[in-house]
Amino acid sequence: MKYAIGIDIGSTCAKAAVLDENKTVVFRLVQPTGWSSVDTAESLRKALCVAGFDPADHPVVATGYGRIAVPYAKKAITEITCHARGACRLFGLEDLTVIDIGGQDTKIIAVKDGLVQDFLMNDKCSAGTGRFLEVMANTLALRPGELCDLARLGGNTSISSMCTVFAESEVISLIGRGEKRENIAFAVVDSVVQKVVSQAGKLAEATGAVCLTGGLCQCDYVREALEKALGRTVTTCADGRFAGAVGAALSGLKL
Amino acid sequence: MADFLLPAAFEEYSDARKAGFLKVKAAKEQGRKVAGCFCSFTPLEILDAAGLLTVSLCGMSPETIPAAETELPRNLCPLIKSSYGFYLTDKCPYTYFADVIVGETTCDGKKKMYELLGRGKNTYVLHLPQGRDVPYAREMWTEELRRFVRYLEETFSVQITDEKLREAIKQRNALRAARCRLMELLREDDLPISGTELYTFLDGIGFNFDIDDAIAKTLALADDLSAQKSQKVTPGGKRVLVTGCPIGGVFQKVVGAVERAGGNVVCFENCSGIKPSRCMVDEQAADPIQAIADAYLDIGCAVMTPDSKRFETLPALMKEFRADGVLDVALQACHTYLIEGRSIRDICKEQGVPYMALETDYATADAGQIDTRIAAFMETLGE
């Protein structure tokens, strides 16, 4: 059996996925990226060897912002292309809009016939990204997942600042005012969702089913809030955060 | 011989910068007057005919932006901030030694910056019409140029004759034609020169005070390249047309990323590229000022509303240079180009050519993201 390995080194988490020649995911692994992409790549390599997939024996394609820090990769492909390919495989679709809320980037990718038509990434700032949510969760002494769950219970509060630093001050002043934690959590998720929706609006080609990938896709409330704000069905899947790694591995199968 | 003092910090400057200062100082000591220009709309022929040396003023480096931000808002185009910063810090030899700085009423940021610049430097602002389609635009611009002629004649005690103007028109046309010939070599399948090399050459030649020498060097390079096609450039690389703002300050970030991703920039539809070089002045015209006005008004810049010239030229250039993709590069907070991007996107869509817009500044903070975006764009163009 032929296998291919995809490595996706994101700003927060590093993911690895192994596909067999039938394009089935046979192994997946996630770990924090930490401060060094090179060390992370090495630690993933060891873990892959232990699992029986020595990168020396199988084609490896790297993606994510740390894609150039994977010395054993045969090829580096951007996360845009990999997320699109991976999402097509994971969702079983050829025409779709991928929304990937990552640690430092939020990407919206319009895919038609399995090919990227157009894409948008957030500007330099972290508004609308996982990092934004993580910083706010820290301020509220919550884990990001807990914040999303709590947000479902809140409402009627908003954060106007898009900048993470200013938004954090705004959250602190809400805390000072005695605002309920669930209401602040609601405002944080709402801010991320609004930013993503305004970005999606700029992408005219963004038609087809909306599929959510990236670290936040496991938070069901985020998916629901996006669905409501976009007025379209948003689907996700268990392997959603591995979309980039799966896409990279798919490219590896062709090497 | 007049004594021209160097800036106080001269000894701390790099060798290249020192050389620039000494070159201008030497010219001034020989009695030459220097005009500093910012924009492609500056009617160079008139300055040539007045006997002034013309040079583009520095505004492509992040180095002077912190100084500029002591007086200018942060959320402003980096080109304007950098230019003004060079004036504040005395780091640009051409700004420092300029006898007159010529600006135009192009974008709002530049207009207001010129007002501040005018407090410390002799600054002359030409009033550019806001569009070329209204019937009086041509008349107004011609009158502006006549006013400029009178100003130069009085200020520098010179006579700008029709004969001198015709001579200057001929020479500038020859330079434009030489630049075009060089740029047109990138229409070929096998590129004899990379986009980076082309741009670097054109940028450098702009600082040559001797226009005939600049023409000769440009033609010599073009001859050389057409005679021996080099194999240096990626064969089969995707062909990208770059449009938008001047890109000197973001060149590595943008053009470097295209080339790192295995592509080639084959056409620069901007001020350092083909845009002003194709605006030839009629050498036979009875009224040379009118002819100069007509040619310069034909520059397709986003300060014009509507920017009909750019809308006409872009699809033609996409075909001429067989562009596989268009990169629209706008500098941070450049409202005119950023908003016009929407129309450019539609034009590209009509032409069936993939389009991507980028907004960036001179800082390196977003270099990684720009690299990824451009690499992803190149991937969408296919293998």
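In which loop of chain B is Pro306(B) found? Pro306(B) lies in the loop between H13 and helix H14 (308-320) of chain B. This is a predicted model, in which local features need pLDDT of at least 70, side-chain atom pairs count only at pLDDT 80 or more, and totals for chains, interfaces and linings use all residues. Residues are numbered from 1 along each chain as its sequence is written, and side-chain values use heavy atoms, with hydrogens and water left out.

**Backbone features**

- Most residues other than glycine have a negative phi, and most peptide bonds are trans.
- Thr305(B) and Pro306(B) are joined by a cis peptide bond, with omega at about -10 degrees.
- Lys23(A), a residue other than glycine, has a positive phi near 65 degrees.
- Lys23(A) is placed in the loop between strand S2 (13-20) and strand S3 (25-32) of chain A.
- Asn156(A) is not a glycine, yet its phi is positive, at about 55 degrees.
- Asn156(A) belongs to the loop between helix H4 (144-151) and helix H5 (164-176) of chain A.

**A helix pair in chain B**

- The axes of helix H8 (residues 162-184) of chain B and helix H13 (residues 288-297) of chain B come within 10 Å and cross at roughly 30 degrees.
- H8(B) is therefore roughly parallel to H13(B) (angles under 35 degrees count as roughly parallel).
- The contact (heavy atoms within 4.5 Å) involves residues including Leu165(B) and Ile169(B) of H8(B) and Ile292(B) and Tyr296(B) of H13(B).

Note on methods. Chains are lettered from A and ligands numbered from 1 in the order in which they are written. Axes are lines fitted to C-alpha atoms, for helices over the stretch in contact, and angles run from 0 to 180 degrees between N-to-C directions. Helices (H or I, at least four residues) and strands (E, at least two) are DSSP runs, numbered from the N terminus. Angles under 35 degrees count as roughly parallel, over 145 as roughly antiparallel, 65 to 115 as roughly perpendicular and the rest as oblique.
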